[in-house]
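Me: I am new to this structure. Please take one part of it and look at it closely, then tell me how far the model can be read.

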Amino acid sequence: MNTTCLGNLMIMDVDSSLTWGNHFIFNVMDPTGKFIPLTPALATQCGYSISVDHWGNVKFIASVLSCFAENNARATTAENDIWQIVFHLPKEKAMTVHQAMSEGYGVNTTYSRIVLRTPYNTSESQSQLIQGVPLSVVRSTTFYKQRWMILMVDTAVACPIDGTTFTEEMITWAVPQIITPLVPTLPISNVDVQLGVNNEILLPSTIIARNYNLTVGPNVVIVQFPVGATGGYYKSHVIPDSAHGIYGITYTIDPFLVYSWEDDTYDKTKYTLLHPITTPFMPRPPHVNFPPTVTGYCDLANFYVNATNGNLGKNWLLVVGTRTLTPAMETEYTYQETATSVLMTVPYNSPDVVYELVSSSEIRSRLDLALKDSAKLWIYTNFSISCSFPLKMIECYTNGTMTALAVKVESVPSLNPSQLTLRDPSCKPSLSTDGTAFFHFNVNTCQTTRKFASNIMTYENEVQWTSPTITYRFAIACHYYINDTEVVSLEPMDNPAPVVEPVLGMITVVIKLALDVSYNSFYGSSDYPVVKYLQEPLYFEVELLNRQDPQVELFLENCWATASTDRDRSPQWDIIIDSCGNTEDLYKTIFHPVTANQRVLFPSHLKRFEVKMFTFTNEQTVLETPIYVHCGVVICDANQPSDGVCRGQCIPGKQRFGKCENLASFQLAVLTHLILKLNFSLPIGRSADRKNRVVVSSGPIDVGAGSHS
């Protein structure tokens, strides 16, 4: 049994398992507590509807203004307050309330409304053709007694009685865009039309996904449903004939439209039109097909599903929850396909699972599956499996803290878990997802209450959320023994001797080009290649990243330039050799000191140097190629000043490696003094626009590849 609300309608669906093969009747309770059988005539008069589908499922619909709804004025009150009702079609006819009710009409009053209900095809109704759609219309004026005056209230009822057409592939439903008997004055504004199916208003994205079509034209609203579309169902039939009978099918779908508009008489009018549709009988050649089937079971953490092909092979698509299975979902759900079946494992907390019920120690989840025809998207079968899974929703800790896991359950579809709070609205989730919220708090905070019972102290709080239509509450509690005895066994043991083992790690070093000598701003990745004039200074900075150890120092071992990204390819020119500038260069490399500031926390992690812009030549020809700068670095221990590797910027190579001749024998020394050698590249280009650039040789040109100028 499932209940939903749709505007001013309350809907209850009763599964056929409760009614199949049994006689059933609905009773309503009057204000005195007496149960009254709900006959078809009484249902029409009082705002109720009962229908049964092909499989015996029952749908019960009640208006919130029905005769026996709580706090509603009754027909007897209406009889006392209403003087008479004058019906205008096909000609004027006056009736008392008693006479109208004896004719099958329903007349109620509330504190702010007059309610008129009418059966189809009464003598006071008239068929009108509006925009090509026939409607059954009843128009009347109600004379209402109120103290020393009589109020006249115009009432109108209009319902389409046709407008549906069928083909083998499509259902078309037409409704006037403006139902003129319900509109006292024209024009109207803010017209809105919403489409729903099976008691649920659909989003535009859902309408498109199901291949429905909703067109709101200036005169007519057109709704189209492909025969076999999601949301409806097929039913097979055999019609007897003189020989063997005719086999065929019908397709049924249960749509509705919700109109709203504004006019000069009333602020806003809302009109709901329920229109169950069943296609005419469609003959089909007799085929004996075995549809696919689904079975499943659960363990402590997963659902296991087995979908077996019918005799037509795998001609179906699998819908998990509300999503059609995709390759990404197949990976997520351990999907295995054989020649005859499909096996799939779905975790209890997957996004396609619905949470039905929650307790402090377990959660009840439900997995809904559907198999639909891969060509026409017919629904072959629906399958649901519901299981309880052990899960600690509440944890209590001896340090006076507690945790709680709240989940979004099916009965609260509009819940956003991130909006959940404890009793104190400022106590929000520590972590939240689309389906869960996790709280971690101290028992002395968040308006947690404490009480004592015997030898137990209990702390209680509540996860809660409230909207205008629904309230979510999840009670949480922790119980502690006030006096308790625990036996603890202690056995002394010697601590094992510390062992130092070498391990490998990642060290990140970057080389950057500064805009000027202040080294405050740098070129970004989108700025390269950077265009420079010959002999224009270039300010480089090499930095060791992601290290907080002030005892580590970075040194430049060698830096050189090439005409390509290949650091070993000719031509080449040395910029720094063994931490010293190249003595053969006419323009000396300048090393700039590094001092601590807001950006530079550890000056020993950086090195800065300046060189003049140059270019390569080949046989007195200037190579118009970008220049790439490469550097090899050494990471040193700043606590070893006696070690040649850390004595200064310009260090001879023999002295630098004097402590590390045998790397295999001195692994500890390698970790301490020579951690890693790396090469990094940075492109620097010059302009190819010869109109605005003049290439000038900065010195003698050596003939031959690889010369430097």
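Reply: Start at the surface. Phe24, Ile50 and Val52 form a nonpolar patch there. Together they have about 230 Å² of accessible area. Take Ile50 from this group. Ile50 sits in strand β5, which covers residues 48-52. Its relative accessible area is 35%. Ile50 therefore counts as partly exposed, because that class lies between 20% and 50%. Keep in mind that this is a predicted model.

Now turn to Lys607. Lys607 belongs to strand β48, residues 606-612. Is Lys607 buried or exposed? Lys607 has a relative accessible area of 10%. The limit for buried is under 20%, so Lys607 is buried.

What does the side chain of Lys607 reach? It reaches the backbone oxygen of Leu554, at 2.7 Å. Val542 is another residue to look at beside Lys607. In sequence, Lys607 and Val542 are 65 residues apart. In space, their C-alpha atoms are 5.3 Å apart.

Last, the confidence. The mean pLDDT of the protein is 82, and 86% of its residues reach 70 or more. Residues 72-77 have pLDDT below 50. Beyond near neighbours in sequence, this stretch has 18 contacts in the model. Residues 652-709 also have pLDDT below 50. That stretch has 130 contacts in the model, again beyond near neighbours in sequence. Where pLDDT is low, predicted coordinates should not be read in detail.

Methods
Residues numbered from 1 in each chain as written. Predicted model: local features only at pLDDT ≥ 70, side-chain atom pairs only at ≥ 80, totals over all residues. Heavy atoms only, no water. Helix = DSSP H or I, 4+ residues; strand = E, 2+ residues; numbered from the N terminus. Buried < 20%, exposed > 50% of the residue type's maximum accessible area, 1.4 Å probe, protein only. Polar contact = N/O pair within 3.5 Å; in protein donor to acceptor, adjacent residues only side chain to side chain. pLDDT = per-residue confidence, 0-100. Contact = heavy atoms within 4.5 Å. Patch = residues over 30% accessible without salt bridge, like charges linked within 9 Å, V, L, I, M, F, W, Y side chains within 5 Å. Areas by Shrake-Rupley, 256 points an atom, 1.4 Å probe, with all protein chains shown as cover. Salt bridge = Lys/Arg side-chain N within 4 Å of Asp/Glu carboxyl O.
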